[in-house]
Amino acid sequence: MEPVNFLEWGFLCSKTHKGEAKFERRKLSIPDFVQQRLNNLQMEIVTSLLEQSPLGAMAANGTSVPSCSADESKSSFALNLERMAKYYFNQGGKLFRPTISLLMANACNQMTPIGQRINLPKEDSPVSLNQYRIAIVSEMIHTASLVHDDVIDKSDVRRGEPTVNALWGNKMAVLVGDFILARATQVLCSIGRPTVISIMAEIIEDLVRGEFMQMSTSPTANLDGNALFQQYMSKTYNKTASLFANSCKSVAMLSGAGDDVELCAYEYGRHLGLAFQLVDDLLDFVSNAAVLGKPAANDLKLGLATGPVLYAAQEYPELNPLISRRFSQPGDAELAWEITLNSKGLQKTKDLAKEHCYNAATLASDMPNGNRVGDALVELALSQLDREK
């Protein structure tokens, strides 16, 4: 696999006369210890997917089958799984979630009182093995959710390449997504901390709840504009921000730094995740499809009213009937696109994303900066507003 080249923009933080944080940008690189682990992470994920598969050794009735048949079955299963797993994990994902987990882990470790650092690594190893496992699990859960989303949304393209379901069919894609989640659970259980396992399990529960909200919620259910927007933000937390928030909380729990640090880590991840999705929803309107890696205006075509449209509807009420019928009539998506582009919806969405970016950056600016992890956490929050894909 190609090494990850992860350069970002740094910051200088000062305070205004009102005591508010003001950030000035400058260039820096992700710390070496994070870079080194990211370079190995994808290969280790693929290895965890392929080793010790129990599926090939059992007959349909649950009894053991002769060794020759088992070997043949296991070989066939492993071959197909390897092709699909390597295809998806080799597409050059940004590994954003494990990056955040590793940075937050080291920041929290630096906040752990010396007398409580029993389970933490030595100084030459900035994160513990269990914290690294959280980073791995975060990427596995994220990838499985993308595979399932592509099936649900009937997407043929992801990151500019055909999706797993487009190449191998929906049934196989669902099985692969389920298998990734199963192996993520095995990695998670190896941590041996029930409270941490429970927190990470909430991510999967939230993903399902968010998808259910997206599929089943009716905009005609007597909800005003504010209620619809709050519903949209709740779905955004469940589908996106929960993974950031609870991964950050989990590495904080493993650090033993205490409840206040756990809450700070969680809130950083929550604000960052909300900002990330708001920018994604904004890019669905303003980014070129070739840059975004998926069709432009995809949300409208799926019948989804995201932040820009909901803000636009406050300004142009004629959007409400289109939202209520999920842009299902001919020309609905195109009309909603045009109205939204000519409204204040895009700017209001960007302003809200900026608010969450700054909230996350402010939290990180108070964290320790050994290995420059505080700098990196601040800047990764601020850099969301510069994203083009």
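Glu 211 is buried in this predicted model, its relative accessible area being 9%. The residue belongs to helix H7, and once its neighbours within four places in sequence are set aside, Glu 211 is in contact with Asp 149, Ile 152 and Lys 239. Two of these partners return in a network of salt bridges, which links Asp 149, Glu 211 and Lys 239. The points below begin with the chain as a whole and then turn to its helices, its charged side chains and its aromatic rings.

**The chain as a whole**

- The protein chain is built with 16 helices and 4 strands.
- Of the 389 residues in the protein chain, buried residues make up 50%.
- Among the contacts in the protein chain with a separation of 6 or more, 73% are accounted for by residues 24 or more positions apart.

**Helix H3**

- Helix H3 covers residues 96-111, and at 1.5 Å a residue its 16 residues should span 22 Å; the C-alpha atoms at its ends are 23 Å apart, which agrees with that expectation.
- The helix is also mostly covered, since 14 of the 16 residues in H3 are buried.

- An α-helix has 3.6 residues a turn, so residues three or four places apart point the same way.

- Asp 280 forms a salt bridge with Arg 387, and the closest N and O atoms of the pair are 2.3 Å apart.
- Asp 280 lies in helix H9 (residues 259-286), while Arg 387 lies in the segment after helix H16 (373-382), so this pair ties together parts that are 107 residues apart in sequence.
- Arg 387 counts as buried, because its relative accessibility is 15%.

**Aromatic rings and the charges over them**

- A pair of aromatic rings is described by the distance of the centres and the angle of the planes.
- The number of aromatic pairs comes to 6, and one of them joins Phe 229 and Tyr 232 in an edge-to-face arrangement, with 5.4 Å from centre to centre and 65 degrees between the planes.
- Phe 229 and Tyr 232 both lie in helix H8 (residues 225-255), where they are 3 residues apart, about one turn of the helix.
- Phe 229 counts as buried, at 7% relative accessibility, and Tyr 232 is buried with a relative accessible area of 4%.
- Elsewhere, ring pairs link Phe 96, Phe 244 and Phe 276 into a cluster.
- The ring of Phe 276 has the charged end of Arg 97 sitting over it, 5.1 Å from its centre, and Arg 387 lies over the face of Phe 276 too, at 4.1 Å from the ring centre.

**Around Trp 337**

- Trp 337 has its place in helix H14 (residues 332-341), and it is partly exposed, with a relative accessible area of 26%.
- Which residues does Trp 337 touch, not counting those up to four places away in sequence? They are Asp 284, Phe 285, Ala 297 and Leu 300.
- One of these, Phe 285, is 52 residues apart from Trp 337 in sequence, yet the two are 7.5 Å apart in space, C-alpha to C-alpha.

Note on methods: Residues are numbered from 1 along each chain as its sequence is written. This is a predicted model: local features need pLDDT of at least 70, side-chain atom pairs count only at pLDDT 80 or more; totals for chains, interfaces and linings use all residues. Side-chain values use heavy atoms; hydrogens and water are left out. Rings of Phe, Tyr and Trp (its six-membered ring) pair if their centres lie within 6.5 Å; planes under 30 degrees apart count as stacked, over 60 as edge-to-face and the rest as tilted. Helices (H or I, at least four residues) and strands (E, at least two) are DSSP runs, numbered from the N terminus. Buried means under 20% relative accessible area, exposed over 50%, partly exposed in between (1.4 Å probe, protein chains only). A charge sits over a ring if NZ of Lys or CZ of Arg is within 6 Å of the ring centre and within 35 degrees of the ring normal. A salt bridge is a side-chain nitrogen of Lys or Arg within 4 Å of a carboxyl oxygen of Asp or Glu. Contact means heavy atoms within 4.5 Å. The expected span of a helix is 1.5 Å times one less than its number of residues.
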